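These are my notes from a look through one structure. I went through side-chain pairs, helix packing, loops and the surface.

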Amino acid sequence: MTLTFAPGSVVVLVGGSGAGKTTLALRRWPATWRLSLDDFRAMATDTEADQSATPVADQVQTLLLDARLSRSLTTVVDSTALLPHVRAGLLARARYWQRPCVAVLFDVSLERRRTQNSNRERVVPEHVLVDQERLVPTAEQLLAEGFLHVDHVRAASPAYLEPAHSH
């Protein structure tokens, strides 16, 4: 699988916990392209699970996103991006730097996410997985928000991901 984007794009991974976003990012793009709220929370608190560090992690992400976009470097934002205001902020940064912004939408069933989540080092609580399921936007919603295009990814197995189709 090869997901390719215009140089300097902001690539926003959108999907619930356990959908395979980080797995895809780590396997498909250089590590320097990836900005991860989990990683920044872990750097601030020694655990990615400490949600109290999210404001600091978001500040770090924004600083690094601006640094990369000011240099026209492709950047993959690895977080759930399930909340509209989070996506709006990322779109605003891309507009500010006049960079294309695309979404990769993870069409992964709740059952598959539960299975993949149970195999993770840090298991996300069941109620969070269920709550996230209700927040997953459609491709049409993402396009209406301002993403230039939306690629769909589905899990073929917990270890391998492949694209389903593109818009």
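**Entry 1: salt bridges**

I looked up arginine 93 and found it partly exposed, with a relative accessible area of 23% (buried means under 20% relative accessible area, exposed over 50%, partly exposed in between, with a 1.4 Å probe and protein chains only). I note here that this is a predicted model, where local features need pLDDT of at least 70, side-chain atom pairs count only at pLDDT 80 or more, and totals for chains, interfaces and linings use all residues. Residues are numbered from 1 along each chain as its sequence is written, and side-chain values use heavy atoms, with hydrogens and water left out.

Which residue does arginine 93 meet in a salt bridge? I found aspartate 66, at 2.9 Å from N to O (a salt bridge is a side-chain nitrogen of Lys or Arg within 4 Å of a carboxyl oxygen of Asp or Glu). This pair links distant parts of the chain, with aspartate 66 in helix H3 and arginine 93 in helix H4, 27 residues apart (helices are DSSP runs of H or I with at least four residues, strands are runs of E with at least two, and both are numbered from the N terminus). Aspartate 66 is buried, because its relative accessible area is 18%.

I then checked glutamate 145 and arginine 87, whose side chains meet in a salt bridge of 2.6 Å, N to O. Glutamate 145 lies in helix H7 (residues 139-145) and arginine 87 in helix H4, so this pair ties together parts that are 58 residues apart in sequence. Is arginine 87 buried or exposed? At 2% relative accessibility I list arginine 87 as buried, while glutamate 145, at 28%, is partly exposed.

A further salt bridge joins the side chains of aspartate 131 and arginine 134, at 2.6 Å from N to O. Both are in helix H6 (residues 126-135), and they are separated by about one helical turn because they stand three residues apart. Aspartate 131 has 37% relative accessibility and counts as partly exposed; arginine 134 has 61% and counts as exposed. I also noted that Arg34, Asp39 and Asp78 form one network through salt bridges that share partners. My count of salt bridges by this rule is nine.

**Entry 2: helix packing**

Next I looked at H3 and helix H4 (residues 84-96), which pack at an angle of about 30° with axes 10 Å apart (axes are lines fitted to C-alpha atoms, for helices over the stretch in contact, and angles run from 0 to 180 degrees between N-to-C directions). H3 and H4 are therefore roughly parallel to each other (under 35 degrees counts as roughly parallel, over 145 as roughly antiparallel, 65 to 115 as roughly perpendicular, and the rest as oblique).

Helix H2 (residues 37-45) packs with H3 at about 120°, the axes being 8 Å apart. That makes H2 oblique to H3.

**Entry 3: loops**

In the loop between H2 and H3 I found aspartate 46. Its phi is near 70°, a positive value in a residue other than glycine. Aspartate 46 is exposed, with a relative accessible area of 75%.

Serine 72 lies in the loop between H3 and strand E3 (75-78). I read a positive phi of about 60° for serine 72, although it is not a glycine. Serine 72 is partly exposed, with a relative accessible area of 38%.
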